[in-house]
Amino acid sequence: MFHAASNIAAKVNEAFIFVTAACVVLLVAVTITMIFFLFRYNRKKNPVPSDIRENTPLEILWTVVPTILVLGMFYFGWVNFGYIRNPPRDAIEIGVIGRQWSWAFTYANGKQSDVLNVPVGRPVELVLTSADVIHSFFIPAYRVKEDCVPGMKTHMWFTANELGTYDIFCTEYCGLAHSHMRSTLNVMQVGDFENWYEAEAAAPGAEGLKLLQSKGCLGCHTTDGTKKVGPTFKGLYDSMVTVITNGKERTIRADEEYIRRSVLDPGADVVKGYPNIMPTLPVTGKELDEIVEYLDRLK
């Protein structure tokens, strides 16, 4: 009846179906009773009302039935909560960092990406935290959601039942570009995942792209020419841009000096038409060199 793309979704569906079915049965029972009473005890048939003091079978019925329903709901909640909160020992552990306004995923071998890649049929445990404010990691198709809190680690787990791609959202309002804080869960065949996991990025500038992903830059900027909260990186290097500097508008060349200054002091030259919301990135000199090299190649 309900599609379950993960094992957790199946558990949530069971509880949802039980609660929904119980509510429907009660709705039908109460509605039928109301209609019956409407005709059975209308004023024409009962011109003189009588006062009914007690009805032992009825009192037992409306005590026992709700008790059974509540215990049933408690059972589903207790059993499913224990299952949902306790990952198996052989689960693949992946670190998740939420930051304004992107997700970064780190694997056991140090590999990083801005897309969550997982193998089908294998349990995956996500260890979540935040680099700035509270975020909430949510995969709607999997019925899983967990807060990412600065200074602490939370966790969640799931097993993907089928191949495909699924949306990832932040469901805790976290600032101006909250609605842009999205990513993708990519479920792969086990062999394809292992190949990706073990592959080395050898393309020139690839390290710069990895840094842009891990530092959260691609939450506000793109590499394909489309606009988001911030201007696109594609074609930016060595182009002419109009910026606001100390409240004054000017046109400058986006050369290496401009790129470095924009990373180290984002508010110095704000591109016209865009908000001044970029945080200062914690980067080393070598990392900044890699970013500049990548942007230089991104024509």
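**Sheet, helix packing and cysteines**

An open sheet of three strands runs in the order β12-β11-β13 with antiparallel pairing; two strands count as paired if DSSP finds at least two bridges between them. The model is predicted, with local features requiring pLDDT of at least 70 and side-chain atom pairs pLDDT 80 or more, while totals for chains, interfaces and linings use all residues. Residues are numbered from 1 along each chain as its sequence is written, and side-chain values use heavy atoms, without hydrogens and water. Helices (H or I, at least four residues) and strands (E, at least two) are DSSP runs, numbered from the N terminus.

β12 (248–253) and β13 (270–271) are the edge strands; each has a single partner, so one side of each lacks a neighbour in the sheet. Six bridges join β11 (residues 240–245) to β12 in the antiparallel sense, and Met240 lies opposite Arg253 in β12. Helix α5 (residues 256–264) packs on the sheet and touches β11, β12 and β13, contact meaning heavy atoms within 4.5 Å.

The axes of helices α1 (residues 7–40) and α2 (residues 56–85) come within 10 Å and cross at roughly 170 degrees. Axes are lines fitted to C-alpha atoms, for helices over the stretch in contact, and angles run from 0 to 180 degrees between N-to-C directions. α1 is therefore roughly antiparallel to α2 (an angle over 145 degrees). Residues in the contact include Phe18 of α1 and Phe76 of α2.

Zero disulfides are counted, a disulfide being a pair of cysteine sulfur atoms within 2.5 Å. For Cys170, the nearest cysteine sulfur, that of Cys174, is 3.9 Å away.

Key: Parallel < 35°, antiparallel > 145°, perpendicular 65-115°, else oblique.
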